[in-house]
Amino acid sequence: MLDALLHGKLSQKQENMEDILTSFVFGMIKYLPAKDALFPFLAKSESQFGNRPLNFLLHETDTTKVDYEFWPRLEEKKCKPCEPDVLITITQQEPKGSKIFILVEAKYRSEKSSYSDESEKPNDQLAKEWSNLKQKSENQNATPYLVYLTADFGFPIEQINKSQQELEDKGRSKGEIYWLSWRHFPSTEKSGIVKDISKAIHNKLGLKLYEGISVPSVVPITWKFTKTTISRPFKWSLNPVEKVKWSFNSK
Amino acid sequence: MKEESMNISNLITQIRTLCKETAALLKTADSLVEKNGWSTITGSYTTSGNSSSLDDPIGWVPELLYRYYTNTEEYPNKLLYVAVILDNRYDNPAYPTGGKDKLEEPILTAGYFDYGDEKIVNNSVWKDVYCKGYFFSDGLSYDGSIVTLKPENMKCFSDKTTDGSLVNRKLKSLALPLIDIKDTAKIEKSVIQPLLTDMIQS
C-alpha cells in the first residue's frame, strides 16, 4: 500500500478514502517501536487552547505495551453503538502499571458521520464515541482519551464544540476530546518506514503544515511566438449543392 | 524534452507550488482567527476579479488572495482580513497613490475596518479591493507595524462608492514581506495577535 501510494498507483478516489489512509498509517506503525512514530505523533494532540495532554507519551519506555484494534464495535450501556477507527491500548509497566485507552477517529476529506439529535443518548459521532469509550474505561479501570484526527491546519472548534455541547445537553460530562492533524505526522531524515510514511503523507498527499513560501529559482524563458505571414489566401473548395426541387403547396 | 520545454514545465510547477503554499498560509490564518471567535464570510473563495478572457491574459493569474472574517457576537462592527498580494498586475496607478511606485515585493497584509456605529453587511464587502488598503497608501513600509488609515481619503476606495459609506470608517492595517512569513508561529505573533490586541485596546 505504501509503495502504491508513493508511486502514484492508487486512484484519486482511493487516495481520498480515509479508511485506506488510516489503515495505511496505523497499519504500518503498529509494527514499529511506539516511541519511533506512534508516541511522537499522538503527543501532538492538542486541546482548543493548545495544551498537549498526551505529551507524557514521549517519556514512555520500550517496555510499555501497545495494542491496536482497528474499527472495533463499541456498544456500552446507555450508549448508541459506534465503530471508531482505531482503539489503542497502552499498558504501562509496573510500578505505574496503568492502562490508557486512546480512541482515534480519523477523517480526511469528510466531516463527522452523525450529529446531535433529539434522542436520549448522544448521537453526534464524537459524543457517541466518547460515551462508549468513557464507559468502557470505567469498566476496565483505564484512562480514556479521544483523538479526532483530521486534515485541518488548526483545532476544528465548531465540530468538537458541537460534540461537547451534546454531551452536556444530555447530562454527561464533557469529553477528553483532543485534535490531531495528519499534518503533524513526524518528519524524519532517518531512512526507513517512518520516513516513507512521512513522505507519503507530507509530499504525496500534501498534508503538511505551513512552512513558509519556497523561493523558486526562475529560469528565464528564451522562446517566443513569432508572427507568420500567410503567403497565399485561403481557397475554400465546397461540394456542389443540388437545387431544391420541392415547394409548399398552398391550401 | 528540450531545455526550454523543461523550463516552462518547471515554471508552471512553481506557480502551482506557490498556490498550494499560499493556501496553506491562509488556511492557517483561518484556524488562528477561528480560535478567537472569527469566521470567514467568503467560504472557501479566496480570489475574485480574475479574467477568463482571451483579451485579458494579464488577468488570468490572480494578483491577490484574501480571507475576510467577522465576529458578530463580540465585534459586530469590525471586518477583519488577511491577504496575500503577489503583484500589481495591471500597474494600476490607483495604488500606490499616484502610481509612482510599484509593489516591490509580494506581501502579506492584514487589517480590520472599523464601521463605527454600523454593523457589517456581508455583501457590502468589496472582496477584491478592501484588502489592498495598506497597498493604496503611499510611503508605508512592510515592517509589520500597524497604521491607521482613512478609507474616505483613499482614491481607490472613494471611487468605488458614491453613497459616502466609507466616511468615518477607519482602517488599521499592517504588511510584511511574504517571504518573512515562515511558519504558523510567525502568522500568529506578527499578524493575528497584534491586530486582535489592537482591536481590544482601541
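Colleague: What area is buried between chain B and chain A?
Modeller: About 1700 Å². This is a predicted model, and carbon and sulfur atoms give 64% of that area.

Colleague: How many residues does each chain put into the contact?
Modeller: Chain B supplies 23 residues and chain A supplies 20 residues.

Colleague: How many salt bridges across the interface of chain B and chain A?
Modeller: Zero by the rule used. Polar contact is there, though: three residue pairs between chain B and chain A, with both residues at pLDDT 80 or more.

Colleague: Which elements of chain B give two or more residues to the side that touches chain A?
Modeller: Those are α1 (3-34) and α3 (184-201) of chain B. The largest share comes from α1(B), with 15 residues.

Colleague: And how do the residues on that side of chain B divide?
Modeller: Nine are nonpolar, seven polar and seven charged.

Colleague: Different topic. Where is Glu105(A) found?
Modeller: In strand β3 of chain A, which covers residues 99-106.

Colleague: Is Glu105(A) buried or exposed, and why?
Modeller: Glu105(A) counts as buried because its relative accessibility is 2%, and the cut-off for buried is under 20%.

Colleague: What does the side chain of Glu105(A) make a polar contact with?
Modeller: The side chain of Gln125(A), at 3.3 Å.

Colleague: Which other residues is Glu105(A) in contact with, leaving aside neighbours within four places in sequence?
Modeller: Besides Gln125(A), the list has Pro84(A), Asp85(A), Leu126(A), Glu129(A), Val147(A), Tyr148(A) and Leu149(A).

Note on methods: Residues numbered from 1 in each chain as written. Chains lettered and ligands numbered in written order. Predicted model: local features only at pLDDT ≥ 70, side-chain atom pairs only at ≥ 80, totals over all residues. Heavy atoms only, no water. Contact = heavy atoms within 4.5 Å. Buried area = accessible area lost by both parts, 1.4 Å probe. Salt bridge = Lys/Arg side-chain N within 4 Å of Asp/Glu carboxyl O. Polar contact = N/O pair within 3.5 Å; in protein donor to acceptor, adjacent residues only side chain to side chain. Helix = DSSP H or I, 4+ residues; strand = E, 2+ residues; numbered from the N terminus. Nonpolar A, V, L, I, M, F, W, Y, C, P; charged D, E, K, R; others polar. Buried < 20%, exposed > 50% of the residue type's maximum accessible area, 1.4 Å probe, protein only.
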